[in-house]
Amino acid sequence: MDLKHIDDGTVLKIFTYPSQVLKRVATPVENFDEELKELARNMLKTMYEAPGIGLAAPQVGISKRIFVMDIDFNRKEKTGIDAKIEYELVDRNPKILINPVIKKKKGQFKYEEGCLSLPGIYEEVARAQKITVEYQDLGGDKHELQAEDLLAVCIQHESDHLDGVVFIERLSMLKKNLFHKKLIKRKKLYEQA
Ligand code: NI
């Protein structure tokens with residue numbers, strides 16, 4: 001997708017855990033139409049604005065099997081109007097995966113993951129180090145991609161979203177319990193405020 005087009009996109013609302021839409025198994029994309037292109041563009045815009053390296057459709061409230069990602073971009077500081085610090089995105093390399101299926105998994109790789117639907121939470125998750133994924137592009141054409149390390153982690157994390165799974169569910173039972181205690185505490189603080 002043309003990068004200029006992405007900048008014209010709309011920033012969508014990001015649903016946070018424990019929204020119901022994040023727990024649903026998303027349905028396959030069947031229509032490779034203008035509406036799908038619009039969704040992909042808006043998802044990329046939303047991801048770059050956040051900023052994040054991946055975003056799945058359920059995170060913007062749409063239960064369809066599509067996600068976007070970019071593990072290559074950087075934020076470059078620039079001085080804007082009134083000497084205000086602004087950021088510009090450089091080295092962008094957007095990817096759009098539709099109806100992805102992970103065919104092969106090899107090895108193990110641990111990475112401290114975060115998620116736009118779980119703001120402020122970062123935990124180390126063990127996933128496969130090398131994967132092969134089959135997916136369709138915006139035109140419906142099939143592709144195969146081999147990925148490792150961070151790219152493989154990102155694809156596995158986003159594919160999980162399409163199956164109604166958030167990364168904290170990949171943690172050990174002990175870490176999961178600690179996380180839930182933290183979440184309850186935070187909720188109580190909000191209620192008191
Ligand atoms: Ni996520």
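Q: Why is cysteine 115 called buried in this predicted model?
A: Its relative accessibility is 9%, and buried means under 20%, so cysteine 115 counts as buried.

Q: What makes Cys115 a donor to the nickel ion?
A: Donors are N, O and S atoms within 2.8 Å of the metal. The SG atom of Cys115 coordinates the nickel ion, along with NE2 of His157 and NE2 of His161, at 2.1 to 2.2 Å, so these atoms meet the cut-off. In sequence, the donor residues follow the spacing C-x41-H-x3-H.

Q: How do you know that cysteine 115 and histidine 161 link distant parts of the chain?
A: Cysteine 115 sits in the loop between E6 and E7, while histidine 161 belongs to helix H3 (residues 149–162), and the two are 46 residues apart.

Q: Is histidine 161 buried or exposed, and why?
A: Buried: the cut-off is under 20%, and histidine 161 comes in at 1% relative accessibility, so it counts as buried.

Q: What makes leucine 118 buried, and where is it?
A: Its relative accessible area is 4%, against a cut-off of under 20%, so leucine 118 is buried. Its place is the loop between strand E6 (109–113) and strand E7 (123–127). Setting aside neighbours within four places in sequence, leucine 118 is in contact with Tyr17, Val166, Phe167, Ile168 and Phe179.

Definitions and conventions
Residues numbered from 1 in each chain as written. Predicted model: local features only at pLDDT ≥ 70, side-chain atom pairs only at ≥ 80, totals over all residues. Heavy atoms only, no water. Helix = DSSP H or I, 4+ residues; strand = E, 2+ residues; numbered from the N terminus. Buried < 20%, exposed > 50% of the residue type's maximum accessible area, 1.4 Å probe, protein only. Contact = heavy atoms within 4.5 Å. Donors = N, O, S within 2.8 Å, 3.2 Å for Na, K, Ca; no water.
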